[in-house]
Amino acid sequence: MPQPVLDAVIKHLKLEAEVGAYEAEARSHDAVEHVYDAIAALIGCSRDEVAVVENATRAWDMAFYSLPLGPGDRILTAEAEYASNYIAYLQVARRTGARVEVVPDDEHGQISIDALRNAIDDKVKLISITHVPTNGGLVNPAAEVGRVARDAGILYLLDACQSVGQLPIDIDEIGCDMLSATGRKYLRGPRGTGFLFVRKSVIGRLEPVLLDLHAADWVSRDDYVIRPDARRFENWEGNYAGKIGLGVAIDYALDWGIENTWPRISGLASGLREGLQAIPSVTVRDIGAHQCGIVSFTADGKEPEDIRRALSGEKINVWTSPLRFTRLDMSRRELRSVVRASVHYYNSEQEVDRFCAVLAKILK
Ligand SMILES: Cc1ncc(COP(=O)(O)O)c(C=O)c1O
């Protein structure tokens, strides 16, 4: 988290301790509400199309589980789909008789737009893909998918958890109806924050799978009215310090300008891939015609988890992504796990060089 984000979160927590939680909320009302404007500015939507929830997973769930799906309805997704999303497809398919189908990749390893177009018929009720998968640098062609969805009049849900804050996102350019994102990744916001965008024209068609007294109004003994805006996908209690922090994080990102930070991220990642390719035992595992700041690799004869541990001992943080997080893509490529190194704009060329030098030493 950048310092202003940390300061804002701590300031609000202190205020809660000093004056009381409701009282602090009232005093910080504008800062809390600002997060909706910040998200709207970030992705090009309006504030009443935004729900702020506890993470990207719940944001995605609130959209997906609220869709009216029935027997024979088809859900189209892609090879790089994230485990939590795919588990949800399977659960809903079992419950409703809907079918989940995976559109194959093209020769670059991204979702094939031709195959997607060919798969469309009037039984397809949802196109749902991950923009940047959890296990590597692939950037799926979200806007081209959006054109297919729009031409066919099919709802389009985009998991943008790993792309928001990293690359420019404009919901009109992408053409998605729903988009989920997290605060804790490229936005550099606090953990336990996420948001959902739902296009105004679609909000009324989605009955939230969960309702409470925030999402709906209990208007008479036997009746309730669901909120007209995207906050119908929220619930009442929340992390107000986190919300404020997320707003500050987005302001911070927008001050630098995603259009400025994205080329820097992309350049650092290319340098990292080049450095990794120069280490004989290393194989870079990123696929796709366009790649981003997430760099994945394996090394001959060394478990990704052992590499992670050794790098951690050198004060270098990476993560590993096992098969079960992106089962379709990983099993197709016969990968059990990969090391995932993510660069951000604040990393330096020297850090990339040191990373490669330390890794080469570990692998000797
Ligand atoms: C592609 C993708 N979607 C969703 C998520 C879940 O995000 P969150 O932890 O905010 O729920 C992740 C987390 O790694 C992810 O990689």
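**Reading the ligand site and selected loops**

Colleague: How many residues surround the ligand, and which are the closest?

Modeller: In this predicted model, 13 residues surround the ligand. The closest are Thr 57, Thr 134, Thr 182, Arg 184 and Lys 185.

Colleague: Which side chains have an N or O atom facing an oxygen atom of the ligand at 2.5 Å and at 2.7 Å?

Modeller: A pair of N or O atoms is read as a polar contact when the two lie within 3.5 Å. The side chain of Thr 57 places an N or O atom 2.5 Å from a ligand oxygen. For the side chain of Thr 134, the corresponding distance to an oxygen atom of the ligand is 2.7 Å. The backbone takes part as well: a polar backbone atom of Ala 56 is 3.0 Å from a ligand oxygen.

Colleague: What area does the ligand expose when taken alone, and what percentage of that does the protein bury?

Modeller: Taken alone, the ligand exposes 390 Å², of which the protein buries 90%. The space that the ligand takes is the largest pocket.

Colleague: Turning to the loops, where does Arg 188 lie, and is Arg 188 buried or exposed?

Modeller: A residue is called buried when its relative accessible area is under 20%. Arg 188 lies in the loop that runs between strand 6 (178-182) and strand 7 (194-198). Its relative accessible area is 16%, so Arg 188 is buried. The backbone of Arg 188 also deserves attention: phi is near 65°, a positive value in a residue other than glycine.

Colleague: What is the phi of Lys 315, and is Lys 315 buried or exposed?

Modeller: The label exposed requires a relative accessible area over 50%. Lys 315 has a value of 76% and is therefore exposed. Its phi is positive, about 60°, although Lys 315 is not a glycine. The residue belongs to the loop between helix 12 (304-313) and strand 12 (319-322).

Colleague: Why is His 214 classed as buried, and which side chain does a polar contact join to that of His 214?

Modeller: His 214 is classed as buried because its relative accessible area is 17%, and the limit for that label is under 20%. His 214 is found in the loop between helix 9 (200-203) and strand 8 (216-220). A polar contact of 2.7 Å joins its side chain to that of Glu 234.

Technical notes. Residues numbered from 1 in each chain as written. Predicted model: local features only at pLDDT ≥ 70, side-chain atom pairs only at ≥ 80, totals over all residues. Heavy atoms only, no water. Near = heavy atom within 4 Å. Polar contact = N/O pair within 3.5 Å; in protein donor to acceptor, adjacent residues only side chain to side chain. Areas by Shrake-Rupley, 256 points an atom, 1.4 Å probe, with all protein chains shown as cover. 1 Å grid on protein atoms, 1.4 Å probe; cavity = no way out; pocket = protein on both sides within 12 Å on 5 of 7 lines; lining within 4 Å. Sits in = over half its atoms within 2 Å of the grid points. Helix = DSSP H or I, 4+ residues; strand = E, 2+ residues; numbered from the N terminus. Buried < 20%, exposed > 50% of the residue type's maximum accessible area, 1.4 Å probe, protein only.
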